[in-house]
Amino acid sequence: MSSITVPPPKCLQKTFVAPRRHMFGPGPSNVPPRILAAGAEPIIGHMHPEMLEIMSDIKSGIQYAFQTQNNMTIAVSGTGHTAMECAIFNAVEPGEGVLTAVNGIWGERAAEMAERIGARVNSIVTTAGGYFTSEEIDRALAKHKPVLFFLTHGESSTGVVHPLDGIGDICHKHNCLFLVDCVASMGGAPLHMDKQGIDILYSGSQKVLNAPPGTAPISFSERACQKVFNRKTKPVSFFLDMTWLANYWGCDGKPARIYHHTAPVSAFYSLRESLAILAEQYVKYIADCHMLYCKTKPSDPLKHSFFHMLPTVTTIVAPPGYDWKEITSYIMKNHNLEISGGLGPSVGQVLRVGLMGGNSSKASVDMVLEALRDALRYCHKSKV
Ligand code: PMP
C-alpha cells in the first residue's frame with residue numbers, strides 16, 4: 001500500500017531564499033536580527049516550564065506596552081484579525097448590541113464579525129481621514145445602547161490616530177464596554193489602557209513590534225472579565241474561548257494548566273524578544289514616529305490635522321496624473337522597498353508608508369523620500 005500516485009513536487013526541490021527588502025508598507029515591518037535569532041532557538045514543548053515562563057514574560061511585556069495592570073493579558077496564536085474575533089466573540093452574545101466607529105476598513109470588519117455571531121450591529125460612519133467627537137459617540141451610545149463599542153486607535157487604511165481620552169468614561173456611563181484596536185498604533189502613538197478606561201485592547205506582532213506576523217497581544221479589564229466570564233452562552237469559537245485561554249496563560253488562578261492548543265513556540269520566542277526591545281526603545285519609538293509626516297505634510301490628500309495623523313502609517317499622495325500602482329511597482333523593482341497604495345476608502349487616493357519600530361529612523365525617511373523622488377522622475381505622467 002505504498003504506491004504513491006502524486007509525485008513529489010519539483011518546486012520543493014529548490015531552496016527558498018527570501019529577498020532582502022525594506023518593509024516600509026503598513027506591515028509587516030522588517031524583523032531585526034535579534035528577533036530573528038530568538039525565533040531560531042530550538043523548539044521545546046508548549047507546556048514545558050521554560051515555555052510557561054516565556055508566556056509569563058510575554059504577559060509582562062504586553063502589560064507594559066499597553067500600560068495596564070490587567071491580569072487577563074495574553075497573546076493570541078494568530079494575527080490581528082484573530083485577536084479582533086477573540087475580543088468580539090467573547091464579549092458579545094447573540095442578540096446583544098454592538099456599535100462600531102467606521103472611519104476606514106477596521107470598523108467595517110468589526111461590524112461584520114459581530115454580525116456573524118448574531119449581534120445587533122449599528123455603526124457611526126465618517127469620511128476617510130475623519131474621526132469622531134466625544135459628543136457624537138455619546139449620542140450614538142445613548143441611541144443604540146450597545147454592550148460593546150469598537151474604535152480603531154490607529155486607522156491604518158486612512159492614516160488617522162483617534163483620540164481616546166474620555167471615551168472610556170462615556171462608554172461606562174452607558175454601561176458599555178470599550179474595545180480598541182491598536183494593531184497599527186501600539187508602540188508608535190501614546191496609549192494608556194488603564195488610564196483611558198479601555199476594556200479590551202488588542203494589537204499585532206508585525207508592526208511596531210517588528211516580530212513575524214502570527215501572534216496578537218490582547219488584554220481584558222476587570223469590567224470586561226465580568227462580562228466575558230458570566231455569559232449565558234458559550235462563545236462560538238472553541239479556539240478563542242477566553243475561559244480556556246485564561247487557563248492556558250495561567251490567568252485564572254487555577255493550579256493546573258490544561259492543554260488547549262499547541263502554542264506557536266518559535267513565534268512566542270520572537271514575540272518575547274520584540275517586547276524586550278520595545279521595553280528598551282518605547283520612548284524613542286514614540287518620539288521618532290512623526291518624522292515622515294513632518295516632511296510630507298504638504299501632500300496629505302486626506303487633510304488630516306497633525307494631531308490626528310497616525311505616526312506609524314503616513315498617507316501621502318502622488319502628484320495628480322500618476323498611476324499609484326506604477327509608483328509602488330517602480331519603487332519595489334528599483335529600490336527593493338515596499339510602500340503600498342490605499343485600502344478601502346483611501347484606494348486610489350493615497351500611498352501608505354509605514355515606518356514602524358526599528359524602521360522609524362531618519363535613514364529610512366530619507367530612503368523613502370529618495371525612492372519617491374526617483375519614481376516621480378521615471379514613472380509615466382498622463383497628459384490628461
Ligand atoms: N487592525 C488594524 C488597524 C490593522 O492595521 C491590521 C493589519 N493591517 C489589522 C487590524 C489586522 O491585522 P492582521 O493582518 O495581522 O490580521
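Leaving aside neighbours within four places in sequence, Ile44 is in contact with Glu50, Met51 and Val265, where contact is defined as C-beta atoms, placed from the backbone, that lie within 7 Å. The structure described here is a predicted model, in which local features need pLDDT of at least 70, side-chain atom pairs count only at pLDDT 80 or more, and totals for chains, interfaces and linings use all residues. Residues are numbered from 1 along each chain as its sequence is written.

Along the chain, Ile44 and Val265 are 221 residues apart, yet their C-alpha atoms are separated by 7.3 Å. Ile44 has 13 C-beta neighbours inside 10 Å and therefore counts as partly exposed. In this scheme a residue is buried if 20 or more other C-beta atoms lie within 10 Å of its own, exposed if 12 or fewer, and partly exposed in between, with C-beta atoms placed from the backbone. Tyr259 belongs to the loop between α8 (242-248) and α9 (265-288), and it counts as exposed because 10 C-beta neighbours lie inside 10 Å.

The wider layout can now be considered. The domain assignment of the chain gives domain 1 (22-27 + 287-378) and domain 2 (33-276); such bounds come from an automatic or database domain assignment. The C-alpha centres of the two domains lie 27 Å apart. Where they meet, 22 residues of domain 1 are in contact with 23 residues of domain 2. On the domain 1 side, strand β11 (residues 313-316) supplies the largest share, three residues. This side of domain 1 divides into ten nonpolar, ten polar and two charged residues, with Ala, Val, Leu, Ile, Met, Phe, Trp, Tyr, Cys and Pro counted as nonpolar, Asp, Glu, Lys and Arg as charged, and the others, Gly among them, as polar.

An unreviewed entry places the feature "domain: Aminotransferase class V" at residues 44-287; UniProt positions are given in the numbering used here, feature names are shortened, and annotations may be inferred rather than shown by experiment. Over residues 44-287 the chain is 40% helix and 17% strand, with its end C-alpha atoms 38 Å apart. The unreviewed UniProt annotation "modified residue: N6-(pyridoxal phosphate)lysine" covers Lys207. Lys207 is found in the loop between β9 and β10 and counts as buried, with 29 C-beta neighbours inside 10 Å. Beyond its neighbours within four places in sequence, Lys207 is in contact with Gly27, Ser29, Val183, Ala184, Thr312 and Met356.

The unreviewed UniProt entry also places a "binding site" at Arg352, a residue in strand β14 (residues 351-354). Arg352 is buried, with 24 other C-beta atoms within 10 Å. Again setting aside neighbours within four places in sequence, the contacts of Arg352 include Gly25, Pro26, Gly159 and Val313.

Some backbone details deserve a look. Most residues other than glycine have a negative phi, and most peptide bonds are trans. In this model, the peptide bond from Gly27 to Pro28 is cis, with omega near 0°, and Pro28 is found in the loop between β1 (22-23) and α1. Phi of Gln67 is near 55°, a positive value in a residue other than glycine. Gln67 lies in the loop between α2 and β2 (72-77) and is partly exposed, with 16 other C-beta atoms within 10 Å. Asn210 likewise has a positive phi, near 55°. This residue is in the loop between β9 (200-202) and β10 (215-220), where it counts as buried with 29 C-beta neighbours inside 10 Å.

The tour ends at helix α12 (residues 362-378). At 1.5 Å a residue, its 17 residues should span 24 Å, which agrees with the 25 Å between its end C-alpha atoms; the expected span is 1.5 Å times one less than the number of residues. Ser364, Val365, Val368, Ala371, Leu372 and Ala375 of α12 are buried. These residues cover an arc of only 130° around the axis, so they lie on the same side of α12, the arc being that of the directions from the helix axis to the C-beta atoms. On the other side of α12, Lys362, Ala363, Arg373, Arg377 and Tyr378 are exposed.

How values were computed
Contact = placed C-beta atoms within 7 Å. Helix = DSSP H or I, 4+ residues; strand = E, 2+ residues; numbered from the N terminus.
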